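Let's take a walk through a protein model, looking at its pockets, a pair of helices and its charged pairs. Have the structure open and follow along.

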Amino acid sequence: MSLHAAFDAGRLTSDGGLVWLAEADRAVGVCDALAACIPEWRRGPVVHSLATLARQRILQIACGYADQNDATTLRSDPLLKLVCGRLPEAGADLASQPTLSRLENAVDRHACEAMAEALVTLYIRERQRSGAPTQLVLDLDGTDDPVHGNQEGGGYHGFYREHMYHPLLVFDGQTNQLITAVLRPGRCHESRFVVLVLRRLLKRLRAAWPQVSIELRADSGFAVPRLYAWCETNAVGYTIGLIPNRRLAVVATPLLGQALAMSTAHDGAKVRLASETAYQARTWTQPRRVVYKAEALSKGPNTRFVVTTRTQDPLSVYDWYVDRGQPENWIKDLKNAVEADRLSDHRFWPNAFRLLMHAAAYWLLDTLRRWLISAIGHAAQIQMDTLRLRLIKIGARLRQLPTRFQLHLASSHPGEPLWHALVARRGYS
């Protein structure tokens, strides 16, 4: 028997979980916070408020619709309209793609800086919910966002071997929360603007928590004397990777020889040793503690170096540094699941605005993941694209009744247990 299909089922939504994204936004307020930073560029009567435009755009991204052209049809989605403050049937449709494009191109440098600051304010408020922290770990990382044609600020980066933008991302190394995101030109060094960003961030963090101690972790792209000196001047601890050189290789040779001998004596077993030295490069004004690791592996020897202000034993310091590998997973969520590499505007600041819109969508999905962790525990390892598939992408029909709205969800969807867990979680109303 043949099967025929047609898009004629009426005003259904394929994103029944939008109600949870809206609930997350009510809890953290990210859409309104970013909208408050956007300048009003329109003259005369306004159909869509800035808050509604920002919410529509951020919710679309969180649902997996990174392309603005999707607004052509999604603007009439009944549930998207409802969570954006409009009646699903009688209310006016949401903004079209041209309106959202004009929104992006209305922002400038000052608006983007204010939005990045708003993310920091959001982070401080959410971090404070469990009490004032006594210690913070800032994980710094840069990533590559490929450009699409001859875009302003794009450039070829030799390390990544592509034409790109080079965003700087700051995460909380203890809670995994995204603190802020800053778009940088593609040709810039990994450490570009990092002291400027940290200077502003430190002022905000210490104003909120005067007694907090702060450490940062970063890979060898951030290993520059200016950053060391700034950290030391401002009582910020650091553990930063170092690119190996001949002097460091000579220092590590005896330890590596010891590791290889131990591996040979144990039939090629993996051996991992660590030690330290006082090291001063020619561009440094003083010696600093360098911890190094030597490994004998089946695929060959391996040595790594970090410069640090930590005082623990070398192996503990190195293991603590290795924990910074976790931000790679968060960046993967940001780029793959939330599609933050879709920076395809021609001008630089609209692309910086896009990055911040995607960061806001990341915050919403991450909030839902945290709620599920508190509810069922084993949700900690759920990737954002998996979370969206299980919790958000559910076919549904929305009905408007005299006293309420009724959402009818697909009966066979495997995400139903997650819904029940969120409904039952402590503190939900």
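Which residues lie nearest the centre of the largest pocket? Keep that in mind as you turn the model, which is a predicted one.

## The largest pocket

Here's the reply: Asp219, Ser220, Gly221, Leu242 and Ile243 lie nearest the centre, out of 30 residues that line this pocket. The space inside comes to about 800 Å³. Rolling a probe the size of a water molecule over the atoms is what shows where empty space like this is left.

Where does the lining come from? Several elements each give at least two residues: strands E2 (135–142), E9 (237–242) and E12 (300–308), along with helix H11 (314–322). Sort the lining of the largest pocket by type and you get 17 nonpolar, 8 polar and 5 charged residues.

## The second largest pocket

Next up is the second largest pocket, with about 490 Å³ of space. Its lining has 22 residues, and Glu113, Ala116, Val182, Val197 and Arg200 lie nearest the centre.

Helix H7 (109–128), strand E7 (178–182), helix H8 (194–208) and helix H13 each supply at least two lining residues here. Which of them gives the largest share? That's H7, with 6 residues. By type, the lining of the second largest pocket splits into 16 nonpolar, 1 polar and 5 charged.

Who does the touching? On the H13 side, find Tyr362, Leu365, Asp366, Leu368, Arg369 and Leu372; on the H14 side, look for Met384, Leu387, Arg388, Leu391 and Ile392. In this contact between H13 and H14, 8 residues are nonpolar, none are polar and 3 are charged.

## Charged pairs

Side chains of opposite charge can pair when their charged atoms come close. How many salt bridges does a search of the whole structure find? The count is 31.

Notes:
Residues numbered from 1 in each chain as written. Predicted model: local features only at pLDDT ≥ 70, side-chain atom pairs only at ≥ 80, totals over all residues. Heavy atoms only, no water. Contact = heavy atoms within 4.5 Å. Helix = DSSP H or I, 4+ residues; strand = E, 2+ residues; numbered from the N terminus. Nonpolar A, V, L, I, M, F, W, Y, C, P; charged D, E, K, R; others polar. 1 Å grid on protein atoms, 1.4 Å probe; cavity = no way out; pocket = protein on both sides within 12 Å on 5 of 7 lines; lining within 4 Å. Points joined across faces, edges and corners; volume = space filled by probe spheres on them. Salt bridge = Lys/Arg side-chain N within 4 Å of Asp/Glu carboxyl O.
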